[in-house]
Amino acid sequence: MNDQLDTILITGASRGLGANFAKVLASDGFRIIGVGRNKINLEKVILNLPNQELDHHFLELDITDEIEVNKKLSNLNLYALINNAGIANTKLLHKETYSDLSEIFDTNLLGSLNVSNALIPKMIINKRGKIINIASTLGYRPLSYVGAYSATKAALIQITKSQSIELAKYNICVNALAPGYILTDINKDQLEGETGDLLKRKIPLKRFATVDELDTIISMLLNVSNTYMTGAVIAVDGGISTGL
């Protein structure tokens, strides 16, 4: 695979927000490398991206496997990384097993660090790069039954700020996007039921977002002219993080 400096790698690209980010950024003229564990879905996403002449690719990869991540990613010469891959469950914290917690923390937190750490050395050499960590408003305003997920997103917000400080001298900008409740094919049934109605009451705009309402934000964060923004956490949540 020939890598180049207008390439963006997106984890969790086989569905949901990751697949939409890939479509938006391919339309913006970036070459996309989609990463995920579902080869069939990944291939479908990549083959349907606009600007196919840019030679978009996909990589089947488990981001929790540090050795495999380094093997497949450490030689890539990229413009940007979007750490989007994440999983969740709905359990009370005292009901979580060690296995439950390991899976969530390994994917959402350690997996993101594995990918970042594999790609940062080349960005340092190039004195250029962007990292976008996909956090969540649950990272600073948690709810019952999603405590483990919320904890990983809170940690990811702090990692974003730490990375932005550590990497600033190399001209690498690190920011986080913290979406609220976004309707996707994955959560549509849950959010359109009784649980969804209860959640909407907590949102000042009284509705959930659609995936395309993140398009402008992700394009802005990764625009090549956006060179002075780092350490920011941008909430796109209908106002839910602003009040009780």
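Mentor: Leu81 has Ile131 in E5 as its bridge partner. Two strands count as paired if DSSP finds at least two bridges between them, and helices (H or I, at least four residues) and strands (E, at least two) are DSSP runs numbered from the N terminus. In general, strands of a sheet pair through backbone hydrogen bonds, either parallel or antiparallel.

Before we go on, please note that this is a predicted model, in which local features need pLDDT of at least 70 and side-chain atom pairs count only at pLDDT 80 or more, while totals for chains, interfaces and linings use all residues. Residues are numbered from 1 along each chain as its sequence is written, and side-chain values use heavy atoms, with hydrogens and water left out.

The pair E4 and E5 sits within an open sheet of seven strands, whose order is E3-E2-E1-E4-E5-E6-E9, with parallel pairing. Strand E3 (57-60) and strand E9 (233-236) stand at the edges; each has a single partner strand, so one side of each is left without a neighbour in the sheet. On average, neighbouring strands of this sheet are turned by 15° against each other, direction ignored.

Helices lie against these strands. Helix H2 (residues 39-47) lies across strand E2 (31-36) and E3, and runs at about 170° to E3. Helix H4 (residues 98-126) packs on the sheet, where it touches strand E1 (7-11), E4, E5 and strand E6 (172-179). The direction of H4 makes about 170° with that of E4. Here contact means heavy atoms within 4.5 Å, and axes are lines fitted to C-alpha atoms, for helices over the stretch in contact, with angles running from 0 to 180 degrees between N-to-C directions.

Aromatic rings also deserve attention, for the structure holds two aromatic pairs. One of them, Phe30 with Tyr79, is stacked, at 5.5 Å centre to centre and 5° between the planes. Phe30 lies in the loop between H1 and E2 and Tyr79 in the loop between helix H3 (66-73) and E4, so the pair ties together parts that are 49 residues apart in sequence. Rings of Phe, Tyr and Trp (its six-membered ring) pair if their centres lie within 6.5 Å, and planes under 30 degrees apart count as stacked, over 60 as edge-to-face and the rest as tilted.
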